[in-house]
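Biologist: Hey, can you walk me through this one? I'd like to hear about its core and its salt bridges.

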Amino acid sequence: MNDTIAAIATPPGEGGIGIIRLSGPDAQSIALRIFRPVRPGRLRSHRVRYGHVIGPDGYVIDEALLTLMAAPHSFTREDVVEISCHGGALPVQLTLEAALAAGARLANPGEFTLRAFLNGRIDLSQAEATLDVIRAQTSAGLAIAQAQLGGWLAREVRAARTAILEPLAYITALIDFPEEGIEPQTVVGPIAQALATVERLLAGADQGIVLRNGARVVLVGRPNVGKSSLLNALLRVERAIVTPIPGTTRDTLEEMANLAGVPVVLIDTAGMRTSTDPVEQIGVERAAAALAGADLALLVFDSSQPFTPEDEAMLVATADRPTIIVWNKCDDPDVPPPPAPPHPKVMAVVACSARYGHGIDTLATTIATTLLGGALPAVGATHLVSNPRHRAALRRAAEFLCAAQETLATGAATDLLAADLTGAANALGEITGETVGEDLLDMIFSRFCIGK
């Protein structure tokens, strides 16, 4: 934390602009060693200066703009300098090399955000939300990440943790100073209050995680039922090759789709049947592997054809997977589809026509609602726990708090109550970073790109 780091903050490749970011106590002095402003004078915070980046041998690398954000009014609460040059690979790389030659150290992945966390600029949940904003794939996921970046989760978690710490301090005093005549204090209410907050946060966590991480949905069925046509219809583009010849699809095809705000990887597969063709058989094996790793199966049947033994086999193949039965080729919306066959994990039945588009919007919404547990979130609902790590910590906190309530109800030893409350407080502190270890920090920030 006593050195100055530097990194490229923009993606690789060609672009209109490239940014090199420095942070640390020597950011200003290093910047002035490699940047020659057109007009002399000291740097002023949050003001842009025009000039040129100068290489170690005194040659001009590029014309550029320099912006100083003086501590503590910066993202890291250190002096931060950003040099904006032309966005070609060479000027950006040479500018970074000049900064490193002038005394900066190459930043580690996520080190700028780590410094923001360590310097108290953001808490750990907000640091993770920074990465979620970058990686958001839908507007719903972005809105959830932005809300968490704004600190709502940290406020909720800190309120619950504060409610625990007061009775914990009282119980600890009773244990450590039993002869002091400490004035009695109620602990039932604060524990119940903390548990109610934790349970409320957990209630929307499964939805939030799906909206953040997305899901894998595999289209399965016997050959020529229209799986590839359905994929194209859901994507609104002709992505998969479609022919009337059975066995056209020989391999899995994965495409990302936004279905009612849920990021979904749609996986088209080869028709699953016994085949002597070695290439087609490999495709069938890959289809089975894709099904095994999917969150949801779309079991596609051809409503214009009689039910076949191969269709029966598909019911067996998907028996352990949450499944939506899709009757495709319902080209006349006034004609009802055949009755759905029994399936142990059927979540919904949808009739549609990939050819004419009937029912495709209904299918997309049904996929989304099924993945979200049966209902789409309310419009504007952004206060959802969306990180599996946070959900796990909240679950542990809830278990400790329930155990604390049981300890109170049964009149068990006070030491057990203190242990339960300590466990709950520590679990909540893992979310905001108050009780987190270095190993966890390393794991979290290693997922960031260098420069963020």
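Below we chat about the core and then the salt bridges.

Modeller: Quick note: this is a predicted model, so local features need pLDDT of at least 70 and side-chain atom pairs count only at pLDDT 80 or more, while totals for chains, interfaces and linings use all residues. Residues are numbered from 1 along each chain as its sequence is written, and side-chain values use heavy atoms, leaving out hydrogens and water.

Biologist: Which residues touch the most other members of the largest nonpolar core?

Modeller: Leu230, Leu266, Ile324, Leu363, Ile367 and Leu371, out of 35 residues. Helix α12 (residues 360-371) gives the largest share, six residues. A nonpolar core here is a set of buried Ala, Val, Leu, Ile, Met, Phe, Trp, Tyr and Cys residues joined through side-chain atoms within 4.5 Å. Buried means under 20% relative accessible area, exposed over 50%, partly exposed in between (1.4 Å probe, protein chains only). Helices (H or I, at least four residues) and strands (E, at least two) are DSSP runs, numbered from the N terminus.

Biologist: OK, new topic: how many salt bridges are found in the whole structure?

Modeller: 18, each being a side-chain nitrogen of Lys or Arg within 4 Å of a carboxyl oxygen of Asp or Glu.

Biologist: What does Asp311 pair with?

Modeller: Arg222, at 2.9 Å from N to O. Asp311 lies in helix α11 (residues 309-317) and Arg222 in the loop between β8 (215-220) and α9 (227-235), so the pair ties together parts 89 residues apart in sequence.

Biologist: Are Arg236 and Asp361 buried or exposed?

Modeller: Both are exposed, and their side chains meet in a salt bridge (2.5 Å, N to O).
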